[in-house]
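Subject: Structure handover and notes

Hello,

Here is the structure I promised to pass on. My notes follow below it.

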Amino acid sequence: MELSITARQSLTAPSRPEAEHDAAAQASAPGGPWPGSRPKGRVALRQVGKTYLSSAGPVQALQDIELEIAPGSIFGIIGRSGAGKSSLLRTINRLETPTSGRIEVDGVDIATLDDAQLVQLRRRIGMIFQHFNLLSAKTVFDNIALPLRVAGVPRQQVEGRVRELLALVGLEDKADTYPRRLSGGQKQRVGIARALASGPEILLCDEATSALDPETTHAILQLLRDINRKLGITVILITHEMSVIREIADQVLVLEQGRIAELGPVWQVFGNPAHPATQALLAPLQQGLPPELLDQLQTVPPSGLHERILQLQYRGGDGLEPDLLRVAQALGGKTRLLQASVERIQGHTHGQLYIALADVTGSPDWQALTQGPTAIAHHIKELGYVTRT
Amino acid sequence: MSLELSLSIPIERYGNALVDTLQMVGISGALALVAGIPLAVLLIVTAPGGFLASPRVHRVLGSIINGFRATPFIVLLVALIPLTRLVAGTTIGVWAAIVPLAISATPFFARIVEVSLREVDPGLIEAAQALGCKKWDIVRHVYLPEALPGIVGGFTITLVALISSSAMAGAVGAGGLGDLAIRYGYQRFDTQVMVIVIAVLILLVSVVQRIGDGYVRWLRER
């Protein structure tokens, strides 16, 4: 589905309620604890730790989490179930309180906020959920209007703003429908519209596509990216699917047993996964040598006609790309491409080529072909030999 | 043969008894509705893990409710006479029955509402908090609307229970259908009165149950 962001101006400058109806919020200055210019959506976690007390004793859910999320970026957090992703995400809007460390949103330690300020913080941080969490007793319109109504936005403004949001997520005709009549993808669109209602700078996505089919997942991710690009909202998402990270994230944090296993730009982490947890998560995306070739693989060259099997790896960076002509020339024999999986992520190519090379004898220095300006790949590995048929 | 001739007591007696019953059930039901829902909300929010978690308040409230629930209505009716005099200014008649009826129905209804509220998906509460809802907003926009089908179903059960309890109100001279059946049908062996009263009660309960069920179905299917 093609989505257009209409009324961009009014979405970037959201109708944040001027007059809060509760005295507590009125007592604090406009903008709450964030003085001066408009906040941007910068999130920093400083040595964050979280310990749960379970019947089996204390459980370390998070440990030494130190990270900074740039305003306007898409930050992905990935990990296996139970890695602490959910807890980590929920510390950012204080649905969960860390047992150690600090969380700063635009420089303010959110642990210092009182109840009224916390409500203000949450109006600046939208959140969407795996199971959508729409109110079944309210129509689509009323679900999206809820954050505005509880913030005391006047009726006429609510109407206009909800129509804008419905147009943004492409559900103009569903205003009076109840959530149970919507498909999963439509429900998540309502969730997104509701999360954007109070004009947040940060959007937290809790496994937002895990309950959706691949096609809908793609459409929702596109919508999230559109929102990120056009409204400049910082998107922080957790997922257990590497494909989600690959599709939209700028930075990725790999979480393993409550600790940071890896952190960096997606192309770097994908191109050169250092931690076993990352490698395990990436495994489903990577194609190895087909089983029937693996079975034939021999460590010593067989007598008679044979081919060497080479794996050429690309890890992104250095502008290195699989240049097929140069590969064939550099290998200096008859080259056959057996299998390849190559992707461009954030302008960096990574993946691998499996090549069958014939008519080359001896033991050429493959490493020489991975260095200097004439390099043809980041890494070349000789996997073995197969008999030529 | 006209209808009056075949009736052992004047038809007005039935009419008056029905009005008395409807009055007792309606007013005490309304009181239970108004008092029971806040009580149930209080039970939920003060429960462990609720957003006003307070074990002491929760325990005291729970004990009071259990106390009233454990006392049989006929005992309550008599035991509450001093309170009834204070509140209703009389200890006989319809109003004298309404006070104990409401007091016995409230904890009953509150427990049913509590169960419905407890079944509201915690994910919805979390979502509401994340959206910037304050505590009262969560009660108003999440707990009550989401639990409404259960609350309506519970109120239907409460009304039916009240129709049944109101039969005992004759003990304080409140009249009503149950009283009619006991005085004529049982004490004077007038089987006709007994049969007619039972038929009217069955009809009344059926109507209440059907309206309640219909409303719940409408709420769930929209």
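Start with one residue pair: A:Arg46 stands opposite A:Arg102, which sits in β4 of chain A. Bear in mind throughout that this is a predicted model.

The strands around that pair come next. Strand β1 (residues 43-54) of chain A and strand β4 (residues 100-105) of chain A run antiparallel, joined by five bridges. They belong to an open sheet of four strands in chain A, ordered β2-β1-β4-β5, with antiparallel pairing. Its edges are β2 (57-69) and β5 (108-109) of chain A, each of which pairs on one side only.

Now chain A as a whole. Chain A has 13 helices and 14 strands. Of its 389 residues, 41% are buried. Take the contacts in chain A with a separation of 6 or more: 73% of them come from residues 24 or more positions apart.

Eight residues from domain 1 of chain A and seven residues from domain 2 of chain A make the contact. On the domain 1 side, helix α10 (residues 266-271) of chain A gives the largest share, five residues. By class, that side has four nonpolar, three polar and one charged residues.

Next, the nonpolar cores. The largest holds 135 residues, and A:Ile144, A:Ala193 and A:Ile236 touch the most other members. Which helix gives the most to this core? Helix α6 (residues 94-118) of chain B does, with 14 residues. A second, separate core has 16 residues, including A:Leu310, A:Leu312, A:Tyr314 and A:Leu357.

A:Ile144 deserves a look on screen. Leaving aside neighbours within four places in sequence, A:Ile144 is in contact with A:Val162, A:Leu165, A:Leu166, A:Val190, A:Ala193, A:Arg194 and A:Ala197.

Two of those residues lead on to A:Leu171. Again leaving aside neighbours within four places in sequence, A:Leu171 is in contact with A:Val140, A:Leu166, A:Gln186, A:Arg189 and A:Val190. Where is A:Leu171 placed? A:Leu171 is in the loop between α6 (155-168) and α7 (184-196) of chain A. Is A:Leu171 buried or exposed? A:Leu171 has 20 C-beta neighbours inside 10 Å, so it counts as buried. A:Val190 is 19 residues from A:Leu171 along the chain, yet their C-alpha atoms are separated by 7.9 Å.

On to the chain contact. Here 17 residues of chain B are in contact with 20 residues of chain A. On the chain B side, the elements that give two or more residues are α7 (122-130) and α8 (135-165) of chain B. The residues of that side divide into eight nonpolar, four polar and five charged.

Best wishes

Key. Residues are numbered from 1 along each chain as its sequence is written. Chains are lettered from A and ligands numbered from 1 in the order in which they are written. This is a predicted model: local features need pLDDT of at least 70, side-chain atom pairs count only at pLDDT 80 or more; totals for chains, interfaces and linings use all residues. Two residues are in contact if their C-beta atoms, placed from the backbone, lie within 7 Å. Ala, Val, Leu, Ile, Met, Phe, Trp, Tyr, Cys and Pro count as nonpolar, Asp, Glu, Lys and Arg as charged, and the others, Gly among them, as polar. A residue is buried if 20 or more other C-beta atoms lie within 10 Å of its own, exposed if 12 or fewer, and partly exposed in between; C-beta atoms are placed from the backbone. A nonpolar core is a set of buried Ala, Val, Leu, Ile, Met, Phe, Trp, Tyr and Cys residues joined through C-beta atoms within 7 Å. Two strands pair if DSSP finds at least two bridges between them.
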